[in-house]
Amino acid sequence: MSSKKSWVVGLAAALLASTPAVAQQAAAAPTVSYIHAGRLLADPATGRVTQNQTLVIENGRVREIVNGFVGQGDVVDLSDKFVLPGLIDSHVHITNQQGEGNRVARFTNTAADSAVQGAAYALVTLRAGFTTVADLGGASDAVVALRNGIAAGKIPGPRLLVSAGTVTPHGGHGDANGVNSALVPVLRQNGVCSGADDCRRSVRERVRAGADIIKITATGGVLSDTGAGLNQQFSNEELQAIVETAHFMGRTVTAHAHGTDGINSFLRAGGDSIEHGTFLDDESIRIFKANNGWLVPTLLAGDFVAREAARPETFFTPNQRKKSLEAGPQMLDMARRAHRAGIQIAFGTDTGVSPHGENAKEFALLVQAGLTPLEAVRAATVGAATHFRLQNEIGRLAPGYAADVIAVSGDPLTDVTTLEHVKYVMKGGVTYRND
């Protein structure tokens, strides 16, 4: 299937009609298939690359890995490629994308519209080599339906984890900012809360709505149209109530956090991971390490907003532009300090801020921040899998693991940008790209 004909962004029916091979393959996948891998990085935790291996795939999982090229019938010939596990993006917004018409879409799009658009972005993301992603903040009806449709094999896309909305304070980063007050009740999502008890309710409602993970906005945000800044917005009591309730409900909790005070207060409250972490300090690093917490640096988002805000004809509002120029340029150095200090880093891009399908551009930024190419690959495989507590399911290629496989022409351990040009994608034993 040529890349020009592989998808049509827009309507779900058109999307599926444009990929008949995918739909037929998902419906009639053979029980056993074989992948001939010229070079294979089966477990990025070890960094060991082997040559001329066969992955034996059965019922969507890796059955075994054997020396040499064996098997007949359904054989995928990647003997001239570098093969590795499917990539994981810990932070995306699968149902939307920043652009000129983004503000208008808030008023015109229904949850059904968002789900359809999300289906298009999901296929773009999968074909870029990302076989698992986490949507952090999408409207619950849209993202839960999309997650379930993908899991049922009705929609082609990456395995999807969702926060089913966001827990945010009234007037905070995730509230309906920058609109006429009469429209706030219409545009406001269900996760808004004030006070510890109200925030406990909000967490429980996210779980009821179908959340796999709880996402909160501990500080102000760059792209909310408000002048409230980037510092802490929940009280310490509210943060403690949120984290405790999420853990009671069997969910990890991650925080959008830029300002130092919000980062440290959330980590002190027992939070599991930080998204962005722009202004972390030495105390942040100490608590990260003491808590065994995870950082998702989203360098691609920082790079994108800094570049967009610098354009004279930017589509950002004045509030967005000011905060983008304040935070965006700081993020690379933040990741450099975090990595040097030994903080656990999980790959995440905040894609939807930047265009879908370009997720792999994060790798080069991670390397600029001091990670080796192998460390960057680990962040998007075994690291992100451990961050989501899925380390026994995804992130490596071994017997019993999901058959999530990608291939590139070059060597990503020498030139990590080769991951921006994926040639082959399998998710759960089904091929979705084969150039």
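The legends below accompany close-up views of a predicted model.

**Figure 1. Overview of the predicted protein and its secondary structure.** The protein contains 15 helices and 17 strands, and 56% of its 435 residues count as buried. Among the contacts with a separation of 6 or more, 69% are made by residues 24 or more positions apart. The accessible surface comes to about 16,800 Å², and carbon and sulfur atoms contribute 49% of that area.

**Figure 2. Helix α15 and the elements that cover it.** Helix α15, which spans residues 373–387, bends by about 45° at Ala379. Because 12 of its 15 residues are buried, α15 is largely enclosed by the rest of the structure. Just after α15, Arg389 adopts a positive phi of about 60°.

**Figure 3. The largest nonpolar core and the contacts of Ile216.** This core has 76 residues, of which Ile214, Ile216, Ile274 and Phe363 touch the most other members. Helix α15 supplies the largest share of the core, 5 residues. Domain 1 (30–83 + 416–432) and domain 2 (86–391) both give residues to the core, so it lies between them. Apart from this core lies another one, of 16 residues, among them Ala37, Val76, Val405 and Met426. When neighbours within four places in sequence are left aside, Ile216 is in contact with Thr166, Val167, Phe234, Leu239, Ile242, Val253, Thr254, Ala255, His256 and Phe266. As a general background to such views, nonpolar side chains in soluble globular proteins tend to be buried together.

**Figure 4. The open parallel sheet running from β10 to β14.** In this sheet, 5 strands are arranged in the order β10-β11-β12-β13-β14, with parallel pairing. Strands β10 (214–217) and β14 stand at the edges with a single partner strand each, so one side of each is left without a neighbour in the sheet. Further inside the strand order, β12 and β13 are joined in the parallel sense over 3 bridges, and Glu275 stands opposite Val296 in β13.

**Figure 5. Strand β1 and its two pairings.** Since 7 of the 9 residues of strand β1 (residues 32–40) are buried, this strand is largely enclosed by the rest of the structure. Strand β1 is joined by 8 bridges to strand β2 (residues 50–58), and these two run antiparallel; in this pairing, Arg39 stands opposite Gln51 in β2. The pairing of β1 with β4 is parallel and consists of 6 bridges, with Ile35 standing opposite Val76 in β4.

**Figure 6. Val116 in helix α4.** Val116 lies in helix α4, which covers residues 111–127. With a relative accessible area of 28%, Val116 is partly exposed, because that value falls between the 20% under which a residue is called buried and the 50% over which a residue is called exposed. The C-alpha atoms of Val116 and Leu146 are separated by 8.4 Å, although the two residues are 30 residues apart along the chain.

Terms used
Residues numbered from 1 in each chain as written. Predicted model: local features only at pLDDT ≥ 70, side-chain atom pairs only at ≥ 80, totals over all residues. Heavy atoms only, no water. Bend = angle between axes of the 7 residues up to and from the residue. Helix = DSSP H or I, 4+ residues; strand = E, 2+ residues; numbered from the N terminus. Buried < 20%, exposed > 50% of the residue type's maximum accessible area, 1.4 Å probe, protein only. Pairing = 2+ DSSP bridges. Contact = heavy atoms within 4.5 Å. Areas by Shrake-Rupley, 256 points an atom, 1.4 Å probe, with all protein chains shown as cover. Core = buried A, V, L, I, M, F, W, Y, C linked by side-chain atoms within 4.5 Å. Domains from an automatic or database assignment.
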